[in-house]
Amino acid sequence: MARLALLSVSDKTGLIDFARSLVAEFGFDLISSGGTAQALKDAGLPVTKVADYTGSPEILGGRVKTLHPRIHGGILARRDVAQDVADLENNQIRPIDLVVVNLYPFAATIAKPDVTLPDAIEQIDIGGPAMLRAAAKNYAHLTVLCDPTLYEAYLGELRQHNGDVSFEFRQQCAIKAFSHTSEYDQAIASYLRGQELSQHYTLSGTQLQALRYGENPHQKAAWYQTGKKASGWAAATKLQGKELSYNNLVDLEAARRIVAEFTDTPAATIIKHANPCGVALGNSLVEAYTKAFNADSTSAFGGIVALNQPIDAATATELTKTFLECVVAPGCEAAAQEILAAKSKVRVLILPDLSAGAKETVKTIAGGFLVQAADDVVADPNQWQVVTQKQPTPEQLAELLFAWKVCKHVKSNAIVVTRDRTTAGVGAGQMNRVGSVQIALAQAGEKAQGGFLASDGFFPFDDSVKTAAAAGISAIVQPGGSMRDRDSIDAANDLGLVMVFTGIRHFLH
């Protein structure tokens with residue numbers, strides 16, 4: 001008896017050529033449901049509709065098609081168990097040797113801006129996951145394919161093994177199927193719970209690349225993509241340069257988050273060890289990059305650069321003047337690409353949507369992991385409170401907003417000093433806030449005169465305000481909320497500073 005293949009797919013990429021090989025080269029009989037059956041029939045291939053095979057029509061508008069004993073019996077039967085074989089014979093069920101299934105495009109549906117809940121619900125596949133899981137469970141006796149990229153490999157197995165398929169291949173395909181259904185269910189659960197964190201949290205991904213090592217050469221590492229459709233860095237285009245490293249990707253994400261804060265004005269940031277050593281806005285992209293580079297040219301050596309506009313020739317020329325690990329931008333002009341090619345080792349990436357980031361962050365701890373919503377609150381100066389007698393001018397408020405946006409992305413305790421929409425000093429990751437203040441002011445030097453200071457957390461004492469004033473700082477933005485806020489406010493008033501409370505904290509650990 002000819003072998004039987006069940007084909008039921010949403011993504012029909014490569015389906016017709018694959019099915020034709022199954023029939024013409026290996027003599028398979030085909031059964032199929034719905035649109036898949038129609039596509040095969042239109043291509044002139046012999047196919048039996050699932051409804052005709054089971055004797056049960058599709059019902060409930062197509063919600064029930066393959067949920068039938070003739071389908072699942074044929075998938076789950078163990079060929080080496082006498083009772084299973086007898087059950088097949090007694091119920092006139094043919095064993096199924098190949099299950100080819102991919103699922104309704106739930107993730108693509110919910111990505112649409114105008115999607116409704118009923119639209120999303122109808123894209124929750126029921127029969128597909130049931131068939132995938134059944135076939136994956138019984139991989140000892142049949143093969144399950146959930147991805148069109150596996151079609152050619154399956155045909156290769158048949159050709160290599162005289163029409164058979166190796167146990168190892170079937171097992172790997174089963175693992176892919178279970179991973180696929182797990183990821184699919186996670187997408188549904190995440191969508192339905194919205195912003196709420198559920199009692200059970202599942203994280204799954206597909207390995208994109210085995211990395212040379214992690215943070216250090218003795219640590220193994222790999223890069224995984226979440227979701228079936230590539231997004232974020234998985235969807236970026238690398239124009240040139242070496243393979244990305246673990247540390248590159250960590251720093252690129254830190255750089256992306258900063259430049260994504262600025263949408264209306266050319267912006268540039270340079271990252272070292274996940275902290276910015278220079279961030280600036282300019283009237284042009286080359287001006288923004290030059291200002292960011294000059295903010296700390298020593299630290300910029302070997303840095304990661306992110307730009308919020310396509311790279312032009314002038315900016316490309318400046319980029320080639322120092323050693324950089326990576327450059328990312330939403331685009332790159334042809335002339336700029338030719339200039340950058342002279343530095344062939346620098347990794348140049350194009351990420352059209354710099355604003356798209358994860359909605360949640362995950363950190364592992366001993367025995368588990370922590371999940372939190374992303375810190376994606378948009379700064380709104382209209383919600384800020386001026387707490388000093390001296391009021392900020394519109395220009396001062398704009399500079400404080402710039403400093404605050406940068407400070408949000410510096411490791412705590414974080415202090416940022418700015419002038420002319422450019423970082424002058426960055427104090428990051430210190431164990432006490434006054435230490436970060438001192439580092440930022442020392443780095444700023446003379447630029448602290450008339451400068452602006454942002455703090456990611458409140459000042460527990462007035463010492464930081466006094467230190468800032470002594471260095472020449474003219475205005476401070478901080479969350480507020482300390483029991484001793486009054487001390488800091490009084491100090492600012494005595495010293496003639498502007499101080500603004502945002503009412504929101506931006507710790508980053």
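I began at Asp420, which sits in the loop between E17 and strand E18 (422-427); helices (H or I, at least four residues) and strands (E, at least two) are DSSP runs, numbered from the N terminus. Asp420 is not a glycine, yet its phi is positive, about 55°. I found Asp420 exposed, at 57% relative accessible area (exposed is over 50%, buried under 20%, partly exposed in between; 1.4 Å probe, protein chains only).

A note on the source: this is a predicted model, where local features need pLDDT of at least 70, side-chain atom pairs count only at pLDDT 80 or more, and totals for chains, interfaces and linings use all residues. Residues are numbered from 1 along each chain as its sequence is written, and side-chain values use heavy atoms, without hydrogens and water.

Next I looked up His273, in the loop between strand E9 (267-272) and strand E10 (275-281). Phi of His273 is also positive, near 50°, and His273 counts as exposed at 70% relative accessibility.

Then I checked a peptide bond: Ser412 to Asn413 is cis, with omega near -10°. Asn413 is in the loop between H16 and strand E17 (415-419). For background, I noted that most residues other than glycine have a negative phi, and most peptide bonds are trans.

My last stop was Ile96, in the loop between helix H5 (82-90) and strand E4 (98-102). Ile96 counts as buried, at 0% relative accessibility. Leaving aside neighbours within four places in sequence, I listed its contacts (heavy atoms within 4.5 Å); among them are Leu4, Leu6, Ile31 and Leu142.
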